[in-house]
Amino acid sequence: MSDSAVIEESRKSERLPSGPPKRRSGRRNGGFWVPWAFLAPALVLFLMFKFIPMGEAVMTSFQNVRPFLGNQWVGLQNYNALVSSDDFQGAVWHTLLLGVGQTAGSLLLGFVLALLLEGQAKRLWFVRSAAFLPVVAPMAVIAEVWRIIYHPTGDGIANQVLSWIALEPSQWINSPDSSLVSVMLVGIWRGAPYDMIIIVAGLVSVDKSLYEASALDGAGPLRRILYVTLPALRPVIAILLTLAAIRGMRVFTEVFLLTNGGPNGSSEVVMTLIYKLGFERNQLGIAAAGSVLLFAATVALTLLIQLSRRRKA
């Protein structure tokens, strides 16, 4: 190769870029706005039907709502009236009891069902689908079914079960002593299959060699569950606790359809009380204050669960 050819070849190599071609920034070629353009319709709908009503509810909680006369700014009077009322304090206590009972019962029953129905057999898929039916069934249908089960006479289905173990018939949802427990049992029955499906999905990711190693060390089934299964399911349990906490704070439909907070307020929860304040007693300002407090409590509880999970991780 002559000297002129070598010089020409070196010039060409100098013109070529040394690395991979640089990408043009998203802002310069317009790619930055493409995702937001696709999200815009959903964001507009959220803004109109969710965030703006939430902001108006916050404003209403500081006002005395007077239809056709104009609202009156009252500051924190609605909050003071709500927090100092016996109805609200009782509803908060019932909501906490119901949330804790339903969460613990659903997790325990769902965990047992998940251990029993874990596997790849086709028959298990059929049983899981059958067990999941309460989750997808409409709550109105479930409420009517449980009304029949809770029939307060001796020939009611639930009372017949009690007679098998020599217990007296119960009034169930018709008695102030048993109405809250009756609603709690319905919530556990409906929530356990949902927890079961998520726990079954979490059990798939558990390392099977840990079971074999613990069995070689002489650990029985109970110790393998305590020291292998439960630690491996900690992230799943944290998610279930978060979802159950939100569900427990917002419980409404089953209480409204089964007892409507009765008898004598024995099963009144925060959501049914807010509904009655707003739509039956026409105290919209106090009802809005209750909604704001419930929203703040739900957010605080969710953040508390997430922070505790990160500290343990």
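Is Gly 278 buried or exposed? Gly 278 is buried, with a relative accessible area of 8%; buried means under 20% relative accessible area, exposed over 50% and partly exposed in between, for a 1.4 Å probe and protein chains only.

The views below come from a predicted model, in which local features need pLDDT of at least 70, side-chain atom pairs count only at pLDDT 80 or more, and totals for chains, interfaces and linings use all residues. Residues are numbered from 1 along each chain as its sequence is written, and side-chain values use heavy atoms, with hydrogens and water left out.

**View 1. The whole chain.** The chain holds 15 helices and two strands. Helices (H or I, at least four residues) and strands (E, at least two) are DSSP runs, numbered from the N terminus. Of its 313 residues, 33% count as buried. Among contacts with a separation of 6 or more, 63% join residues 24 or more positions apart; contact means heavy atoms within 4.5 Å.

**View 2. Helix H14 and Gly 278.** Helix H14 covers residues 270-279, and seven of its ten residues are buried, so it is largely enclosed by the rest of the structure. The buried residues are Val 270, Thr 272, Leu 273, Ile 274, Lys 276, Leu 277 and Gly 278. Leaving out residues up to four places away in sequence, Gly 278 touches Gln 283, Leu 284 and Ala 287.

**View 3. Ser 61 in its loop.** Ser 61 lies in the loop between helix H3 (33-60) and strand S1 (63-64). Ser 61 is buried, with a relative accessible area of 0%. Apart from neighbours within four places in sequence, Ser 61 is in contact with Gly 75, Asn 78, Tyr 79, Gly 285, Ala 288, Ala 289 and Val 292. A separation of 8.0 Å lies between the C-alpha atoms of Ser 61 and Leu 284, which are 223 residues apart along the chain.

**View 4. The largest nonpolar core.** A nonpolar core is a set of buried Ala, Val, Leu, Ile, Met, Phe, Trp, Tyr and Cys residues joined through side-chain atoms within 4.5 Å. The largest one has 20 residues, of which Leu 98, Trp 146, Tyr 150, Val 186, Val 255 and Leu 258 touch the most other members. Two or more residues each come from helix H7 (139-149), helix H8 (157-164), helix H9 (179-204) and helix H13 (253-258). Beyond four places in sequence, Leu 258 touches Ala 143, Trp 146, Arg 147, Ile 173, Val 183 and Val 186. In soluble globular proteins, nonpolar side chains tend to be buried together.

**View 5. Helices H7 and H9.** The axes of H7 and H9 come within 12 Å and cross at roughly 130°. Axes are lines fitted to C-alpha atoms, for helices over the stretch in contact, and angles run from 0 to 180 degrees between N-to-C directions. H7 and H9 are therefore oblique to each other; angles under 35 degrees count as roughly parallel, over 145 as roughly antiparallel, 65 to 115 as roughly perpendicular and the rest as oblique. Met 139, Ile 142 and Trp 146 of H7 make the contact with Val 186, Trp 189 and Arg 190 of H9.

**View 6. Helices H11 and H12.** Helix H11 (residues 221-232) packs against helix H12 (residues 234-249) at an angle of about 60°, with their axes 4 Å apart. Leu 230, Pro 231 and Ala 232 in H11 meet Arg 234, Pro 235 and Ile 237 in H12.
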